[in-house]
Amino acid sequence: MAESDNYPLGRDIFHSGRLDAQNLLWRLHTGYILHPRIPVTDDMRIAELGTGTKIWLFEATKYLQPSTQLYGFDISDEQFPLKEQCLPNLRFDIMDSFVDPPAALVGRNFRDRDSGTILRHVMQLLKPGGFVQWEEVDITHQVVLGEKAKQFEAGMNKVFGQVSLDYSWVPNLPKRVKQIGFRLIEFQRQQFQNNLMNICTNTHLLALHEILQGLRQSCPSGGILEHEIALHHLLSAERKSITYNWSPTVLLGQTPPKNKSSSASHAKEKTISHRMPEGTLVSLTGE
């Protein structure tokens with residue numbers, strides 16, 4: 001866990017590989033990059049928040065016009081690719097999640113903070129009628145099979161409570177979206193199909209390994225080692241006999257359309273902190 005930004009997962013090459021595998025899991029589950037209810041047009045402006053390795057943006061370029069402008073924002077540039085590996089319409093920038101408007105843009109593992117902060121800044125980034133597509137991990141509704149896996153889940157729930165890793169905001173996203181002023185188009189919490197459950201189990205347990213490693217470094221007296229030992233047992237002796245899945249949650253919202261009273265204020269293209277003109281879509285994917 002990075003002490004400076006409270007990000008509970010890792011960012012080295014192994015963690016980046018896990019993150020890319022999880023992106024594949026999302027794509028196999030949803031079957032799309034852009035939600036099918038989002039109209040694809042020329043000259044779209046799309047921002048991914050909490051962009052990580054940028055794999056979502058790289059994949060998006062295959063389905064969008066070359067005129068589409070793509071922006072990736074993250075609180076850290078440790079997983080950014082080299083600039084020479086990117087197409088000219090891809091731009092990356094560092095933004096701090098809860099400090100510097102409109103930099104509250106990292107749609108990743110919050111601790112006890114309000115998702116409304118993120119959504120208000122998403123609203124600032126979007127033009128009237130723009131979309132927010134949020135794909136989030138819901139660990140408050142897990143599918144856990146196997147006695148050892150259930151015991152480990154109970155232990156992890158206690159750990160999360162002790163260190164204030166609170167994920168209860170995820171089921172409340174639809175309410176918060178409407179409170180901020182978005183029109184809620186869709187909210188679905190599902191389970192993975194049988195052929196994807198093993199991929200989810202593997203990537204989820206690896207993510208929990210990253211979290212426990214970070215917690216042991218930041219809380220050396222917190223009794224984390226026993227949970228790491230239990231996790232190692234699940235990853236080795238028990239891996240083929242357990243299921244340990246989070247629930248994939250998809251939200252699609254839209255900003256209010258432009259009305260006559262706001263036409264004058266939008267007569268000129270608006271730029272957010274010199275980073276991005278008003279966009280068509282903001283995408284967030286949890287991990």
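Among contacts (heavy atoms within 4.5 Å) between residues at least 6 apart in sequence, 76% join residues at least 24 apart. The chain has 287 residues, and 54% of them count as buried, meaning under 20% relative accessible area, with exposed over 50% and partly exposed in between (1.4 Å probe, protein chains only). There are eight helices and nine strands here, taken as DSSP runs (H or I of at least four residues for helices, E of at least two for strands) and numbered from the N terminus. Keep in mind that this is a predicted model: local features need pLDDT of at least 70, side-chain atom pairs count only at pLDDT 80 or more, and totals for chains, interfaces and linings use all residues. Residues are numbered from 1 along each chain as its sequence is written, and side-chain values use heavy atoms, leaving out hydrogens and water.

**Salt bridges**

- Side chains of opposite charge can pair when their charged atoms come close.
- The structure holds four salt bridges, each being a side-chain nitrogen of Lys or Arg within 4 Å of a carboxyl oxygen of Asp or Glu.
- One of them joins glutamate 210 and arginine 18, with 2.9 Å from N to O. This pair links distant parts of the chain, 192 residues apart: glutamate 210 sits in helix H6 (residues 194-218) and arginine 18 in helix H1 (residues 13-30).
- Glutamate 210 counts as buried because its relative accessibility is 4%, and arginine 18 counts as buried at 4% too.
- Another bridge brings arginine 27 together with glutamate 135, their closest N and O atoms being 2.9 Å apart. Arginine 27 is in helix H1 and glutamate 135 in strand S4 (residues 126-145), so this bridge ties together parts 108 residues apart in sequence. Both arginine 27 and glutamate 135 are buried.
- Strand S4 also supplies aspartate 138, which bridges to arginine 189 in strand S5 (residues 183-189), so parts 51 residues apart in sequence are tied together. The closest N and O atoms of arginine 189 and aspartate 138 are 3.8 Å apart.
- Aspartate 138 is buried, with a relative accessible area of 0%, while arginine 189 counts as partly exposed because its relative accessibility is 38%.

**Threonine 30, in helix H1**

- Threonine 30 lies in helix H1 and is buried, with a relative accessible area of 18%.
- Its side chain reaches the backbone oxygen of tyrosine 32 at 3.1 Å. That is a polar contact: a pair of N or O atoms within 3.5 Å, where within protein one must be able to donate a hydrogen and the other to accept it, and residues adjacent in sequence count only if both atoms are side-chain atoms.
- Leave aside neighbours within four places in sequence, and threonine 30 is in contact with Glu135 and Val250.

**Strands S1 and S2**

- Strand S1 (residues 45-49) is mostly covered, with four of its five residues buried.
- S1 pairs with strand S2 (residues 69-74) in the parallel sense over five bridges; strands pair if DSSP finds at least two bridges between them.
- Alanine 47 has tyrosine 71 in S2 as its bridge partner.
- S1, helix H2 (residues 55-60) and S2 make a right-handed β-α-β unit. Right-handed means that, with the strands pointing away from the viewer, the path from the first strand over the helix to the second runs clockwise.

**Aromatic pairs**

- Rings of Phe, Tyr and Trp (its six-membered ring) pair if their centres lie within 6.5 Å; planes under 30 degrees apart count as stacked, over 60 as edge-to-face and the rest as tilted. The count comes to six aromatic pairs.
- Tryptophan 26 and tryptophan 246 form a tilted pair, 5.4 Å centre to centre with 35° between the planes. Tryptophan 26 belongs to helix H1 and tryptophan 246 to strand S6 (residues 243-254), 220 residues apart. Both tryptophan 26 and tryptophan 246 are buried.
- Tyrosine 71 and phenylalanine 73 are stacked, 6.5 Å centre to centre with 20° between the planes. Tyrosine 71 is buried, with a relative accessible area of 2%, and phenylalanine 73 counts as buried at 2% relative accessibility.
- Ring pairs also link Trp26, Phe192 and Trp246 into a cluster.

**Leucine 205, in helix H6**

- Leucine 205 lies in helix H6 and is buried, with a relative accessible area of 0%.
- Beyond its neighbours within four places in sequence, leucine 205 is in contact with Phe152, Leu231, Leu234, Leu235, Ile242 and Tyr244.
- The C-alpha atoms of leucine 205 and leucine 231 are separated by 7.5 Å, though the two residues are 26 apart along the chain.
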